Amino acid sequence: MSKIFVDSIEPKTSGGAVQLNTVIFQIGSTVSQSIPHNSSTQLTFNTSVIDTHGITDIANNQVTITSATAGYYMLHAKWTVDNTSPFRSLVAIAVNGTTKFVTEQAQYSQTTQTNQTNLTTGIINLVNGDNITVNVLHGYGSARNSLGSSHAPSYNFLQGYRIGTIWVEL
């Protein structure tokens, strides 16, 4: 029996001989959510916009990685405060309850005239059983709503796509 050893296998650029099966997910919210003042709160989602591999869990507001979908991911999370620009707000992506990526905005003063948006992003290696959630926080002084929209996921979302599988030395 002969063996062929190669450093890599690349997809064919024409003819459709090889099709990559990229894992992509996107969950969003079409309704507002009350976010209390100065308290980290898990963002809720009520719609799965894209889920190529059945890993979104709307009931628990998370994405759960399986052994078939493990690998390196580019993740993005966004939340928008409805009709408010608080002096402090942040959005964080957590994996198994631990914050991995966070973006925070600070303003000199707060107003009720804009919809302040926070977006965080990052690349991370995810393994079987990892749960991805989004937490938000603001310092307006009283509860504020996230901006709901019938055009989900435009204002509040968690999305990601696998950019590579886990490398294993043989």
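**Strands, patch and salt bridge**

Reader: Which residue in β13 stands opposite L75?
Author: Strand β7 (residues 71-80) and β13 run antiparallel, joined by seven bridges. Two strands count as paired if DSSP finds at least two bridges between them. In β13, the residue opposite L75 is G160.

Reader: What pLDDT must side-chain atom pairs have to count?
Author: Residues are numbered from 1 along each chain as its sequence is written, and side-chain values use heavy atoms, without hydrogens or water. This is a predicted model: totals for chains, interfaces and linings use all residues, local features need pLDDT of at least 70, and side-chain atom pairs need pLDDT 80 or more.

Reader: How many strands are there in the protein?
Author: Helices (H or I, at least four residues) and strands (E, at least two) are DSSP runs, numbered from the N terminus. The protein has zero helices. From the N terminus on, its elements read β-β-β-β-β-β-β-β-β-β-β-β-β. The strand count is 13.

Reader: What share of the contacts with a separation of 6 or more comes from residues 24 or more positions apart?
Author: A contact here means heavy atoms within 4.5 Å. Of the contacts in the protein with a separation of 6 or more, residues 24 or more positions apart supply 75%.

Reader: Is I27 buried or exposed?
Author: Buried means under 20% relative accessible area, exposed over 50%, and partly exposed in between (1.4 Å probe, protein chains only). Of the 170 residues of the protein, 39% count as buried. I27 lies in strand β1. Because its relative accessibility is 0%, I27 counts as buried.

Reader: Which residue is the bridge partner of I27 in β13?
Author: β1 and β13 pair in the antiparallel sense over five bridges. Beyond its neighbours within four places in sequence, I27 is in contact with residues including F45, V49, I58, P153 and L158. In β13, the bridge partner of I27 is L158.

Reader: How far apart in space are I27 and Q62, C-alpha to C-alpha?
Author: Q62 is among the contacts of I27. The two are 35 residues apart in sequence. Their C-alpha to C-alpha separation in space is 8.5 Å.

Reader: The backbone oxygen of which residue lies 3.1 Å from a polar atom of the T80 side chain?
Author: T80 lies in strand β7. T80 counts as buried because its relative accessibility is 0%. Its contacts, leaving aside neighbours within four places in sequence, include N115, T117, S146 and Y155. The backbone oxygen at 3.1 Å from the side chain of T80 belongs to Y155.

Reader: What is the N to O distance in the salt bridge of E104 and R88?
Author: A salt bridge is a side-chain nitrogen of Lys or Arg within 4 Å of a carboxyl oxygen of Asp or Glu. The whole structure holds one salt bridge. The pair links distant parts of the chain, with E104 in strand β9 (residues 98-106) and R88 in strand β8 (residues 88-95), 16 residues apart. The side chains of E104 and R88 meet with an N to O distance of 2.4 Å.

Reader: How much accessible area does the nonpolar patch on the surface have together?
Author: Patches are made of residues with over 30% relative accessible area and no salt bridge: like charges are joined within 9 Å, nonpolar side chains (Val, Leu, Ile, Met, Phe, Trp, Tyr) within 5 Å. Areas come from the Shrake-Rupley method with a 1.4 Å probe; for residues, only the protein chains shown count as cover. β4 (47-51) and β13 (157-164) each supply at least two residues of the patch. I24, V49, I50, Y72, I123, Y161 and I163 together have about 580 Å².

Terms used: A polar contact is a pair of N or O atoms within 3.5 Å; within protein, one must be able to donate a hydrogen and the other to accept it, and residues adjacent in sequence count only if both atoms are side-chain atoms.
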